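Reader: I have a model open and want to go through its packing. Can you take me through it?

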Amino acid sequence: MFESFEHYWESRKPYLDEALRVQLVKLLHPVPKSKSAALHMALDGGKKLRGILLCMITEDLGGEWKSALSRAVAVEMIQAATLIHDDFVDQDRTRRNMPAVWTLEGAREAVLIGDVIFASAIHLMSETGREDGLVVSRAIAQISRGALMEPGDPSAFIEQMTSNSWRDNHYEKIIHLKTGVLFEAACELGAISAGVNEEIRLKCMRYGSLIGEAYQMADDVKEIKQHLLQRCISSQQMALLAPAVLYFEKEAFSYIRPILLGRTFVIVQPFWECLQSTVDLMEIEIQHRLDLAVAEIREVLQEKGHTSLGIKAPQELIAMFNLC
């Protein structure tokens, strides 16, 4: 029926957008008018890839995608709240070419708006079913742990590196908790919506987790490429990207350290080559994880009589992200 995941996304996204608008009306009922614009900005934008992936999983497993819409709404609410908090923590002033919520509402209000959205997602799913409530509450807790693991403070990161308290697998944990978890939750909720057994549900979770991890790597690759073009990077930006660089190029710390200390923001030629090598290795790893995701679910889809969207989706989803 659908030639690609993008075609599926184009068909289903208007329904998800409308379902989110309905939920937004409920959220806005007790919220002062002054906060309405911020909530609209947080929930209306974005491609909503996680929610659409959830609907696709439900449909590919033989379920009714419209019955999965409330679950897709909850996933996109969590994503929106996460971005509101992340923008403030990272002091990013724009989101999707618009002012970040915290720049309009202030730090306190932005954090509280994010909290309201998180809590509303848990409430929505708890009303849907006990399993659904557990999935989203666990996802929010894990995402928060991932945010805590990120080295936002350049000085603290140097201390971790020099004291050998930084572990080689930290980047694996960060990309799983920061991004893999919500993709995993989306696919698990899709499996729950389709009413499949525990074995298939676990396969869907691994499928989503691997896609999410590849997605975060693709995001990091995009950031590194931007700095390669500019040939400069701030200490704060370096701290956020250092886990990825050191995971693939362990000898890069000698170049990273002076940037973290604020002594220079220039990417010297040897470090430029190191970062380019990092990008090449990351792109190989992205493809590896996408292949593993397909391997997780291929047999299940073939048994269900579906062999197209779920198999095509990982590659095409990352391609859609890269074109943003």
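Author: Start with a pair of helices. The crossing of helix 13 and helix 14 is right-handed. Keep in mind that this is a predicted model.

Reader: At what angle do helix 13 and helix 14 pack, and how far apart are their axes?

Author: The angle is about 160 degrees, and the axes are 8 Å apart. Helix 13 covers residues 269–304 and helix 14 covers residues 309–322. Angles over 145 degrees count as roughly antiparallel, so helix 13 and helix 14 are roughly antiparallel to each other.

Reader: Which residues in helix 13 and helix 14 meet?

Author: From helix 13, Gln287, Leu290, Ala293, Val294, Ile297, Arg298 and Leu301. From helix 14, they meet Gly310, Ile311, Pro314, Gln315 and Ile318. By class, that contact has eight nonpolar residues, three polar and one charged.

Reader: Now helix 9 and helix 10. At what angle do their axes cross?

Author: Roughly 140 degrees, and the axes come within 6 Å. That makes helix 9 oblique to helix 10. The crossing of these two helices is right-handed. The contact of helix 9 with helix 10 divides into twelve nonpolar, seven polar and six charged residues.

Reader: Change of topic. How many residues are in the largest nonpolar core?

Author: It has 113 residues. Leu53, Leu61 and Tyr207 have the most contacts inside it.

Reader: Which helix gives the most to this core?

Author: Helix 9, residues 170–194, with 14 residues.

Reader: Take leucine 61. What is it in contact with, leaving aside neighbours within four places in sequence?

Author: Leucine 61 is in contact with Ala191, Ala194, Val196, Ile200 and Cys204, and also with Val300, Leu301 and Lys304.

Reader: On to backbone angles. What is phi at lysine 48?

Author: About 60 degrees, a positive value although lysine 48 is not a glycine. Most residues other than glycine have a negative phi. Lysine 48 is found in the loop between helix 2 (33–44) and helix 3 (49–60). With a relative accessible area of 5%, lysine 48 is buried.

Reader: What about phi of arginine 231?

Author: Phi of arginine 231 is near 60 degrees, also positive in a residue other than glycine. Arginine 231 is placed in the loop between helix 10 (198–230) and helix 11 (235–248). Its relative accessible area is 35%, so arginine 231 is partly exposed.

Reader: Which residues does phenylalanine 265 touch, not counting those up to four places away in sequence?

Author: Phenylalanine 265 touches Arg231, Cys232, Ile233, Ser234, Ser235 and Ile259.

Reader: Where is phenylalanine 265 placed?

Author: In the loop between helix 12 (253–260) and helix 13. Phenylalanine 265 is partly exposed, with a relative accessible area of 41%.

Note on methods. Residues numbered from 1 in each chain as written. Predicted model: local features only at pLDDT ≥ 70, side-chain atom pairs only at ≥ 80, totals over all residues. Heavy atoms only, no water. Axes fitted to C-alpha atoms, helices over the stretch in contact; angles between N-to-C directions. Helix = DSSP H or I, 4+ residues; strand = E, 2+ residues; numbered from the N terminus. Parallel < 35°, antiparallel > 145°, perpendicular 65-115°, else oblique. Left-handed = near helix turned anticlockwise from the far one by under 90°. Contact = heavy atoms within 4.5 Å. Nonpolar A, V, L, I, M, F, W, Y, C, P; charged D, E, K, R; others polar. Core = buried A, V, L, I, M, F, W, Y, C linked by side-chain atoms within 4.5 Å. Buried < 20%, exposed > 50% of the residue type's maximum accessible area, 1.4 Å probe, protein only.
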